[in-house]
Structures are given as structure tokens and as C-alpha cells.
Amino acid sequence: MIDEFAKDNLHGRLRRDREALLWKLDGLSEYDARRPLTASGTNLLGLVKHVATVEARYFGEVFDRPSPEPLPRWQDSDGSDLWATEDETRDQITGFYRRTWEHSDVTINALPLDAPGHVPWWPAPHADTNLFAVMVHVLGESIRHAGHADILREGIDGRTGLRAEHEKRIDEEARAAHCAKIEQAARSAQRPRGGEVRTIDGMSDRRDPKNSGSATHGAHTVG
């Protein structure tokens, strides 16, 4: 009974976060869906492609139920699953993700939580595992990258939320006031308190009462 409860809850959460990740592409131009949005190149369509690849592997070959999708060997992983080439369409990538859901769901529904699996890219002794551990792992990956996507999408056009039916109208004035309050708190935390000056690195300088122009910082004196 507890196994079915656990499986149903993990599976339900996985389904929810799959949809949340896909929704982050809603209404975006091809450029905004693909362009790098961080210094390391993280992009929205690439996140979908990556999570689809991860799920296809874990609920496929790990349980000797290979995905019908063409996947490169895991040994040949080169980061190409993290971005979309100009020849890959959005529909191709989102379609790959949705078909992967179907294959994964068949695996999840067919196997008990203690069904053995083998993850060849995990180090010993962890490579031999089971469905429960893999579901937790894939759910963690999906949640993590859905969170990345949430932040990236907010940076593009301000849209936030878990799914369309819960999306609220953007109140620019309220957002600006909220950010100003947080900014003020951050600046206030940086100001001197009781003879201390907070530095950017989080350390404290204590003013020397005999010399107001200098401060002791650990064992050193700074001017």
C-alpha cells in the first residue's frame, strides 16, 4: 500500500513539473526560446532537450527498456543536449519530450518500486539501483531545471508561475516597490553597526578607536 502511494505521488509530481517546464516556452519567439541567458549558455529550449534526454535514459536503458528515440551513447555525451541547433525545430524537441513521457510512464506503471535497474554512468557501488531511486533522481532533475526555466523566463518578459491557470497579471508598480524594499534591506545590512563595517565578502572590519582612519581586519591593519 505504501509503495503504491509513494509511486503515485512521485509520478504525479513528475507529470506536473514536466508540464511546467514546457509551459516556460509558451509565447516565446524562436530567438528567445534558444538564446543563451546565462554566462554558461543556459537556454530554455536546451533545458527541455536536456531533461527529455535524461528521462529517456533513466526510464529506458537503465531498466533494459531502451527508448525508441534515437539517443547518442551516454559515453559520447558532449553537452549537445543542452542547446538546440538551428536545424532542430521547437516542435521536434517538445515532441521528443512528450514521447519520452509516454515511454517513461509505461516503465513506471509496469514496474514495482523495488524493480532493479543499472545506471552504468553512476560510480560503484551506486550503479545498481531500483525504480524508486531513479524516480527520485529524475524528479529532482526535472524540478531543478524547471526552477532554472522559471528564473530565465522571468528575466525575458517577467512572466512567472507554475502553470497557465495560476498565472497572475504582472503588476509592474508592485514589483518595483517589492524590489526596492529588498534592495534597501541589502544596503542597510552593508552599513556600519556598532563599530563594524560589513565588507562585500561578508567579513567585518572593526574600527580602531584610537585611529578612526584605520581598521583592523583579522591580523592586518587596513587604511
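On a 1 Å grid over the protein atoms alone, a pocket is an open set of points where a 1.4 Å probe fits, with protein on both sides within 12 Å along at least five of seven lines. Lining residues have an atom within 4 Å of a point. Points are joined across faces, edges and corners, and a volume is the space filled by probe spheres set on them.

The model is predicted: local features need pLDDT of at least 70, side-chain atom pairs count only at pLDDT 80 or more, and totals for chains, interfaces and linings use all residues. Residues are numbered from 1 along each chain as its sequence is written, and side-chain values use heavy atoms, without hydrogens and water.

The largest pocket has a volume of about 540 Å³. Its lining comprises 26 residues. Thr 53, Arg 57, Leu 71, Pro 72 and Asp 81 lie nearest the centre. Helices H3 (44-58), H4 (90-110) and H5 (131-157) each supply at least two lining residues; helices are DSSP runs of H or I, at least four residues, numbered from the N terminus. H3 gives the most, with 6 residues. By class, the lining holds 9 nonpolar, 7 polar and 10 charged residues. Here Ala, Val, Leu, Ile, Met, Phe, Trp, Tyr, Cys and Pro count as nonpolar, Asp, Glu, Lys and Arg as charged, and the others, Gly among them, as polar.

The second largest pocket has a volume of about 210 Å³. Its lining includes Ser 40, Asn 43, Leu 82, Arg 144, His 145 and His 148. H3 and H5 are the elements giving two or more residues to this lining. H5 provides the largest share, 5 residues. The lining divides into 4 nonpolar, 7 polar and 1 charged.
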